[in-house]
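Here are my notes from going through the model you sent. Have it open beside you as you read.

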Amino acid sequence: MAPEADKASAYFYGRLFAEHPQLRTLFPPAMDRQRDRMLRALTRIVWSLEDPDSLTGYLRDLGRDHRKLGIRPEHYAAVGTALIATLRKFGGPWWTPRMEAAWTAAFSAAAATMIDAAEAEAEHSPPWWVGEVVGHERYGHDLAVLTIRPDQPLRHVAGQHISVQTARWPRVWRRYSVANAPRPDGALTLHVRAVPGGWVSGALVRYTKVGDRLTLGPAMGGLTLQAASGGDLLLVAGGTGLAPLKALAEQVAATEPGRRVHLVWGVRTTVDLYALPQLRALEAGCAGLRVTVAVSDDPSFDGLQGTAADVLDRLDEPLGPDTDVYVSGPAAMVARTVGVLRDRGVPPERIHHDEPEEAEPQVAAARFVEQRVTARQPAI
């Protein structure tokens, strides 16, 4: 289906809304990004079939997240019917009755997992939260740090992200990593850069002020510290990709202050070093934490020149076999950094990153497939 992914996605949603027009109100006015997400989700589900634990966790997160959209159990049947019709139309010569039966069974099992997760979540959490903006700091024309206090406890783990909707753009959600470990007051800090054409990011940076209210989705994402690992950590961030890694550093500083952590942060200009004072304060209070910054497009900077990936090539200390590496930033930065790490001999299972949301779905799909295939290859 890849060569006709756009047509297939458009056909799927067109059929779904034609047969169930009431569902259209659950989705945003512009459907381009929604179509991309559907393709990305399908690809991940297919390539996770050999890893049931990972697939189950992913489906549970989807089910929990769907609650904020108003999706109910009966809606999954409608989606399943439209999906099978789409696969039948675009499946090509390999589509057979046996294939259709397999897809039907697979979707039924996936839907049951999502429904069960949503119902379990409903026992102790609302479908969404209302958050009051209690802090809004601007850095340059396109970047802001927001502090939000939810009206009810919003449980999260360092490294996770939440989705945000503004009153300016109803039904349009964008996800942002929480830039702090859980705090007693429950406040959440977000690092937001306004991107060209970004409906939500532009509203959050330029038009949001203290006292405004935002709608928040549940915390999700797997860029969290591995429970079984106690080795060294290398955290590599690009731009506002610093947010989840700053949260991880805070968690380690609070719970394992002696653990060796090296945080490398790459930005374009010195104006982008918006969080450097907080990082230096965190470094001063945590014996095991080391912070390195690099600037790529500002010759006047008197520190390291280059990107975060460039800095990795200059690291003096070797990465030990038990070092876990976490990478966060724009799609191109993540891809290049992962490549450098592999060239340095870091095992794929030691490299952790969330797929950047802005990545094209075909690129995200290809990366996920490559990761799965690499992980299955025997060591040489």
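1. Start with the strand pair β1 (residues 129-139) and β2 (residues 143-150): they are antiparallel, joined over eight bridges. Arg138 sits across from Ala144 in β2. For the wording, strands are DSSP E runs of at least two residues and helices are H or I runs of at least four, numbered from the N terminus; strands count as paired when DSSP finds at least two bridges between them.

2. Some ground rules before going on. This is a predicted model, so to speak: local features need a pLDDT of at least 70, side-chain atom pairs count only at pLDDT 80 or more, and totals for chains, interfaces and linings use all residues. Numbering runs from 1 along each chain as its sequence is written, and side-chain values use heavy atoms, with hydrogens and water left out.

3. Back to the strands. β1 and β2 belong to an open, antiparallel sheet of six strands, ordered β4-β3-β6-β1-β2-β5. The edges are β4 (174-177) and β5 (188-193), each pairing on one side only. Neighbouring strands here are turned by 40° against each other on average, direction ignored. Axes are lines fitted to C-alpha atoms (for helices, over the stretch in contact), and angles run from 0 to 180 degrees between N-to-C directions.

4. The other open sheet has six strands with parallel pairing, in the order β10-β9-β8-β7-β11-β12. β10 (304-305) and β12 (351-352) are at the edges with a single partner strand each, so one side of each has no neighbour in the sheet. Inside, β7 (residues 233-238) and β11 (residues 324-328) run parallel, joined by five bridges, and Ala237 stands opposite Ser328 in β11.

5. Two helices to look at on that sheet. α7 (residues 242-255) packs on it, touching β7, β8 and β11, with its direction at about 150° to that of β7. α10 (residues 331-343) also packs on the sheet, touching β7, β11 and β12, and makes about 160° with the direction of β11.

6. Which helices do the buried residues of α4 pack against? They pack against α1 (5-19), α2 (32-47), α3 (52-66) and α5 (97-122), where contact means heavy atoms within 4.5 Å. Those buried residues include His75, Tyr76, Leu83 and Phe90; buried means under 20% relative accessible area, exposed over 50%, and partly exposed in between (1.4 Å probe, protein chains only). Just after α4, Gly92 takes a positive phi of about 80°.

7. There are nine aromatic pairs: Phe, Tyr or Trp rings (six-membered ring for Trp) with centres within 6.5 Å, stacked if the planes are under 30 degrees apart, edge-to-face if over 60, tilted otherwise. Tyr13 and Phe17 make a tilted one, 5.8 Å centre to centre with 35° between the planes. Both lie in helix α1, four residues apart, and both are buried. Tyr139 and Tyr274 are also tilted, since their planes are at 50°, with centres 5.8 Å apart. Tyr139 is in β1 and Tyr274 in the loop between β8 (261-267) and α8 (276-284), so this pair ties together parts 135 residues apart in sequence.

8. Last, confidence. pLDDT is the predictor's confidence in each residue, from 0 to 100; the chain averages 88, and 91% of residues score at least 70. Over residues 358-370 it is below 50, with 25 contacts beyond near neighbours in sequence.
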